[in-house]
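Here are my notes on this structure, point by point. Please read them with the model open.

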Amino acid sequence: MATIYDVAKKAGVSKTLVSRVLNNQPGVGLESRTRIVEAMQELHYKPNTLARSLVLQRTNLVGMILDSLTEPYFFDVIKGVEDTVEENGFRVIFCSGRNDRREKETYIDFFSNGTTDGAIIYGSDLDDADLIRRRAQMDFPFVVVENEVEDANVNNVLIDNTYGSKLIVDHLVERGCKRIMHVTGAKGTKAALRRWQGYLVSMEHHGLKKYQSVIECDEFGIETGYEAVRKFLKEHDGVALPDAIYFGADNTAVGGMMALEEKGIRIPEDIRIAGFDDDKRWDMDKSVKKLTTIRQPLYEVGAKAVEILLGQIRDPESPRQKIIMKPELVVGETT
């Protein structure tokens, strides 16, 4: 295996100049730099990453914790992170927190013990608030995505979920809907809570009262959406239905539509349906009508989180940033 001495000998330069090129430092002429790079390529030289990290006190690695690595919803976020990390000469380690606060704590400890230069925490569980507050007291650079803890001075990248709800309610009102029911996601998440609050504010803005029944789901899932709407229809048999249902996620919307269609309720003729997330998996399922939904700029969220994180890694004294990104309405076949 080639060493730095072999590279220096082949390029006809000192070991110091080779080290400068490896660490991207000034003081190397173009001709010498070219010979060094060519020598590295010919010798298939690979620098000792661990040794470099000890010298530079930097690993050029960042970590990212998501609730799931297999959920298609996260794929655009992951791509945005991967692309931006690579563009900046870093690498990324992805971990699944599995919606478990203790699991997230374990990974943050792992990332912050010198394994990485910083981390991104993605998820909106309200239970993570204490974890985020404690980490805010550390020097370790990190960015929180989709979870806002008002009394913690941390880097934040957020989707404006309240605004997303406004877009949905405005659209349904334009379609003539007045009895608009909301099916929430898990109220233990900041995202679901903000979408619910946005629904209430927007209904009030239009002079409408929230629908007499509100369905609360334990999670953003197909089965929970199906069971919740099936139960609602059974308990309200013979009662005038809402003229629209706004689901806090596309998954619950798809489950809810299944329950409605089982009862012969037509969409959108009898009732209009809207979701949230623009979950791409349903675009390929031709048995499911194209949902009216809210598209989040997930690739941009991932990219921005990396930019902020690398900024703090390079300048630990830089002020913390809070970026709020606007989603957009996507009109489908269900309204």
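1. A residue counts as exposed over 50% relative accessible area, as buried under 20%, and as partly exposed in between. Glu150, at 55% relative accessibility, is therefore exposed. Keep in mind that the model is predicted.

2. Glu150 has a salt-bridge partner in Lys190, with 3.8 Å from N to O. Glu150 sits in the loop between β4 (142–145) and β5 (155–159), while Lys190 belongs to helix α9 (residues 190–205), so the pair ties together parts 40 residues apart in sequence. Lys190 has a relative accessible area of 12% and is buried.

3. The salt-bridge count comes to 26. One of them pairs Glu105 with Arg134, with the closest N and O atoms 2.0 Å apart. Helix α6 (residues 101–115) holds Glu105 and helix α7 (residues 129–136) holds Arg134, so this contact ties together parts that are 29 residues apart in sequence. Glu105 is buried at 14% relative accessibility. Arg134 is partly exposed, at 44%.

4. Another salt bridge joins Lys326 and Asp160, where the closest N and O atoms are 2.7 Å apart. This pair links distant parts of the chain, 166 residues apart. Lys326 is in the loop between β11 and β12 (328–330), and Asp160 is in the loop between β5 and α8 (161–174). Asp160 is buried, with 17% relative accessibility.

5. Now the sheet. Six strands form an open sheet with parallel pairing, in the order β2-β1-β3-β4-β5-β11. β2 (91–96) and β11 (322–325) are at the edges with a single partner strand each, so one side of each has no neighbour in the sheet. From one strand to the next, the twist averages 15 degrees.

6. How many bridges pair β1 with β2? Six, in the parallel sense, with β1 covering residues 61–66. Met64 is opposite Phe94 in β2.

7. Last, the largest pocket. Its space is about 780 Å³. The lining has 31 residues, and those closest to the centre are Asp67, Phe74, Asn99, Thr189 and Phe220.

Methods. Residues are numbered from 1 along each chain as its sequence is written. This is a predicted model: local features need pLDDT of at least 70, side-chain atom pairs count only at pLDDT 80 or more; totals for chains, interfaces and linings use all residues. Side-chain values use heavy atoms; hydrogens and water are left out. Two strands pair if DSSP finds at least two bridges between them. Helices (H or I, at least four residues) and strands (E, at least two) are DSSP runs, numbered from the N terminus. Axes are lines fitted to C-alpha atoms, for helices over the stretch in contact, and angles run from 0 to 180 degrees between N-to-C directions. On a 1 Å grid over the protein atoms alone, a cavity is a set of points where a 1.4 Å probe fits but cannot get out, and a pocket is an open set with protein on both sides within 12 Å along at least five of seven lines; lining residues have an atom within 4 Å of a point. Grid points are joined across faces, edges and corners, and a volume is the space filled by probe spheres set on the points. A salt bridge is a side-chain nitrogen of Lys or Arg within 4 Å of a carboxyl oxygen of Asp or Glu. Buried means under 20% relative accessible area, exposed over 50%, partly exposed in between (1.4 Å probe, protein chains only).
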